Amino acid sequence: MNRPSVPFVDSQSAAPLPRSGLAWLDAARREHLEAFAARGLPDTRDENWRYTALHALAQRRYAVGDDEAAERPVAAASLAWPQAEGPRLVFVNGVYRADLSQHDDLPEGVSLRPLTRALHEDPEPLRFVLERRYREAGDAFDRLNAAFAADGAVLRVDAGVRVPAPVQLIFIGAPAATACTWHLRHVIELGEGSALTLIERHLGEDAGDYLATSVGDLRLGTGARLDHLQVQTAPGKATLIRRERLDLAADAQVRCHVLELGGALVRHDVQAILHGERARFDNRGVFAPHGRQHVDSELAIRHAGRETVSSSDWRGVAGARGRGVFRGSIIVDPGADGANAALTSKNLLLSAQAEIDTRPELEIYTDAVQAAHGATVGQLDERALFYLRARGIPLSQARSMLTEAFCAAMFADLEPADWRERLAALLAAHLRRGDET
């Protein structure tokens, strides 16, 4: 096969497309590579990328994969998370690391495997999910991921199983010899009446320079429950594109908390489709671009079933020359009577050069609904600052206290308390680094 010229992929890279040995999958990868090469990256004329310019990214060159990823050392301390010593999959620069993962002693009714193993052992159940997503591939990054994603996580929980310990998915960006690109695809399915707590972490060392995409399909059966914590502290040079699509059946519930701190250019898209009656999606998030970071969070919720509920509350904090984008859209389909949707976006600018663009949207195609949205962008309350300074608190400390309190409300309902404290510490450290840039 003559490989097409692919934007920002090093033409000298010897790495071929990953081969699965499955004709349908290998053909799909070739098709998406050709489509990506032909169409290239979107620009700001594309409404979905209006506030996030990619022209600088298009000038970069990345090697495909990291040949040394299987051997790269990883600090054990970076894998630890309080009260989460259960199963986990770990990937370093997109490569599954069996030596760092733990998934041999799973509760009955739970399956956790890397995608490569799942495709080898039992490919047909994955074919339906992957082919459906390939048909719906929307833009350049969907196609890039479809072409190059060699591995990922496959997690299944059988009907009625309530997983006692949190499951972790850890993605580490490690410094490589040259800037590299890697891609992961995940399939997570919760059977009827099951329950799972999932911790997803993206982290790495500051010297890590890569472009990564991560695409996940999460499907919840009737009455299933997912608590999903996502913590992103990628290296300062990283470009990270993450996408999740959640499909909720009747009475399914997802409660999601997101903290976005790292990376140079970050785009995080969440699409939630509430198919079944009384399905519920609650999400809280904080993004905090500092220095010259650009963090773009896109949230799309579709109410398709009757009496469905969504509650979205996000905070943005931008300092120095950081730029944040938040776009939250809610669509209520015809016939989705009794839907209840609320979306709030509140944002703080900590410097004159910082910028946050926020755009909540509602589209309602039925009458019997409750829906509301709101957005604000402002600065720290001068009266509160004066109050703190009048009590002898230095200005920088007073600003930090108010900023951290502004964000902490997003995690007030997160359990256990150790997790709230860890998120608060990560945020405080990030804000301090931002003040120093």
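Visitor: In which sense do β4 and strand β5 pair, and over how many bridges?
Guide: In this predicted model, β4 and β5 (residues 153-157) pair in the antiparallel sense over five bridges.

Visitor: Which residue in β5 is the bridge partner of L112?
Guide: The partner of L112 is L155.

Visitor: And how many residues of strand β4 are buried?
Guide: Four of the five residues in β4 (residues 110-114) are buried, so the strand is largely enclosed by the rest of the structure.

Visitor: Changing topic. What order do the ten strands of the open sheet take?
Guide: The order is β3-β2-β6-β8-β10-β12-β14-β16-β18-β20, with mixed pairing.

Visitor: Which strands stand at the edges?
Guide: β3 (95-96) and β20 (370-378). Each has a single partner strand, so one side of each is left without a neighbour in the sheet.

Visitor: What packs on the sheet?
Guide: Helix α8 (residues 395-408) does, touching β14 (280-287), β16 (309-318) and β18 (340-349). The direction of α8 makes about 165 degrees with that of β16.

Visitor: Back to β6 and β8: parallel or antiparallel?
Guide: Strand β6 (residues 167-173) and strand β8 (residues 195-204) pair in the parallel sense, over seven bridges. For example, F171 has H202 in β8 as its bridge partner.

Visitor: Now R315. Where is it found, and is it buried or exposed?
Guide: R315 is found in strand β16. Its relative accessible area is 9%, which is under 20%, so R315 is buried.

Visitor: What does the R315 side chain make a polar contact with?
Guide: The side chain of D313, at 2.6 Å.

Terms used
Residues numbered from 1 in each chain as written. Predicted model: local features only at pLDDT ≥ 70, side-chain atom pairs only at ≥ 80, totals over all residues. Heavy atoms only, no water. Pairing = 2+ DSSP bridges. Helix = DSSP H or I, 4+ residues; strand = E, 2+ residues; numbered from the N terminus. Contact = heavy atoms within 4.5 Å. Axes fitted to C-alpha atoms, helices over the stretch in contact; angles between N-to-C directions. Buried < 20%, exposed > 50% of the residue type's maximum accessible area, 1.4 Å probe, protein only. Polar contact = N/O pair within 3.5 Å; in protein donor to acceptor, adjacent residues only side chain to side chain.
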